[in-house]
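Dear colleague,

Here is the structure for your files. My notes on it follow below.

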Amino acid sequence: MAITSTAEIGELIRNRRASLGLRQQDVALAANVGVRFIVDIENGKDTSQIGLVLRLLQALGIRLTPEMSPVPSPPPAAKESEAFDPDNFSPTP
């Protein structure tokens, strides 16, 4: 599942909390954050601090795993005579 917005991470957190049968107060105590923070993040507040979000995810047993798009293939190598030489560079008009 790709998370692309604060609303989606808030929904993930809310769903996980509910599936564990926890109240917002319970999670706030477990993550050592305020209840207001839980309310804000579950509502997709854009300005939530990433450190607190990570602490909250850990308290809920949610593990973030980075997934990166493949790196594009480099262009074919230039012939030796076409290699860039910064000492002999002259822009073409």
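Predicted model: local features only at pLDDT ≥ 70, side-chain atom pairs only at ≥ 80, totals over all residues.

Helix 3 itself is mostly covered, with six of its eight residues buried. These are Phe 37, Ile 38, Val 39, Asp 40, Ile 41 and Glu 42. They pack against helix 1, helix 2 and helix 4.

On the contact with helix 2: the axes of helix 2 and helix 3 lie 8 Å apart, at an angle of about 110 degrees. Angles of 65 to 115 degrees count as roughly perpendicular, so helix 2 and helix 3 are roughly perpendicular to each other. The crossing of helix 2 past helix 3 is right-handed. From helix 2, the residues involved are Gln 24, Gln 25, Val 27 and Ala 28, and they meet Val 35, Ile 38, Val 39 and Glu 42 of helix 3. Sorted by class, this contact has five nonpolar, two polar and one charged residues.

Then the core. The largest nonpolar core has 15 residues, and those with the most contacts inside it are Ile 13, Val 33, Phe 37, Ile 38, Ile 41 and Leu 56. At least two residues of this core come from each of helix 1 (6–19), helix 2 (24–31), helix 3 (35–42) and helix 4 (50–59). Helix 4 gives the most, with four residues.

Regards

Key
Residues numbered from 1 in each chain as written. Heavy atoms only, no water. Core = buried A, V, L, I, M, F, W, Y, C linked by side-chain atoms within 4.5 Å. Buried < 20%, exposed > 50% of the residue type's maximum accessible area, 1.4 Å probe, protein only. Axes fitted to C-alpha atoms, helices over the stretch in contact; angles between N-to-C directions. Parallel < 35°, antiparallel > 145°, perpendicular 65-115°, else oblique. Left-handed = near helix turned anticlockwise from the far one by under 90°. Contact = heavy atoms within 4.5 Å. Nonpolar A, V, L, I, M, F, W, Y, C, P; charged D, E, K, R; others polar.
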